[in-house]
Amino acid sequence: MIDLAIRAAREAGAILQDYAARGFQIENKGRINLVTEADLASERHITQLIGSHFPSHRILAEEGGASGHPGEDNYVWIIDPLDGTTNYSHGFPCYAVSIGIERHGKAVAGVIYDPTRDELFAAERGAGATLNGNKIRVSAVDHLERALVVSGFPYDVRERMEEYLPAWREFLKHTQGARRLGAAAIDMCCVASGRMDGFWENGLNPWDTAAGWVIIEEAGGRVTKLDGSPFDNYSASLLCTNGAIHDQMLAVLASLKNER
Ligand code: IPD
Ligand code: CA
Ligand code: CA
């Protein structure tokens, strides 16, 4: 299964790069939420490949939704055919294909492919996480003051700005820097590979996080909801870190609750 996920992510990445070179149609799903021809072509390719090899597995894909019935083995493939569509449609090279494999509600394997850097992140539960075949580990930064953190804004940012901004204010105050890259799957790979130390976001979807969840945990990091309770891929609330600064980030987030 992981080999097929890797093949699908690489081939879908090539489709994205092909459209990026040739040009593509863009449509609005919402006021600031876009979908391009490339999202759809990438998803079609991935779902066809999975369907032809594992016809009994369920699929949950961002653009096409859920399909199939839970087979005896209960596997669900969770697909974001293009994470970072806004970046992609502007030609900003920060986007990825994300494929997670879930069983009984827990991500068991994941692959994230960044075609702009030819970087393939992969993990299988219990077998570690890799970048282009080499083992990766989260950073050793153990104090928030020395941490580089990252976050994102969901598409309802205009409606819920007041809810999202206080965390930014606090993390800008307490860290070495805070970034917004515009692709949750890349954010999670940055934490898994030690390029960043923590990532928080509210309003994510299962296809944004399914693969990154297992990649971070297998790289030695920690993943919870923003209130510290166990992460659930369908909950929208995500805090993932190198582990060492997890409680410090939770404390900052908890202090905001007292503010309200
Ligand atoms: C979005 C990106 C973005 C995050 C949004 C996601 P999309 O995914 O990951 O960084 O802040 O919440 O919806 O729409 O580009 O696949
Ligand atoms: Ca996404
Ligand atoms: Ca997407």
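**View 1. Strand S6 is mostly covered.** In this predicted model, local features need pLDDT of at least 70, side-chain atom pairs count only at pLDDT 80 or more, and totals for chains, interfaces and linings use all residues. Residues are numbered from 1 along each chain as its sequence is written, and side-chain values use heavy atoms, without hydrogens and water. Strand S6 spans residues 96-103, and seven of its eight residues are buried (under 20% relative accessible area, 1.4 Å probe, protein chains only). Strands are DSSP runs of E, at least two residues; helices are runs of H or I, at least four; both are numbered from the N terminus.

**View 2. S6 pairs with S5 and with S7.** Strands pair if DSSP finds at least two bridges between them. S5 (residues 75-83) and S6 run antiparallel, joined by seven bridges. Here Trp-77 has Ile-101 as its bridge partner. Seven bridges also join S6 to S7 (residues 106-114), again antiparallel. Glu-102 partners Ala-107 in S7. Two residues lie between the strands of this hairpin, where His-104 takes a positive phi near 50°.

**View 3. Five strands form an open sheet.** The order is S12-S11-S13-S15-S14, with mixed pairing. S12 (177-180) and S14 (222-224) each have a single partner strand, so one side of each lacks a neighbour in the sheet. S13 (residues 198-202) and S15 (residues 237-241) run antiparallel, with five bridges. Glu-201 stands opposite Leu-238 in S15.

**View 4. Helix H5 packs on the sheet.** H5 (residues 184-192) touches S11 (148-151), S13 and S15; contact means heavy atoms within 4.5 Å. Its direction makes about 150° with that of S13 (axes are lines fitted to C-alpha atoms, for helices over the stretch in contact; angles run from 0 to 180 degrees between N-to-C directions).

Definitions and conventions: Chains are lettered from A and ligands numbered from 1 in the order in which they are written. Buried means under 20% relative accessible area, exposed over 50%, partly exposed in between (1.4 Å probe, protein chains only).
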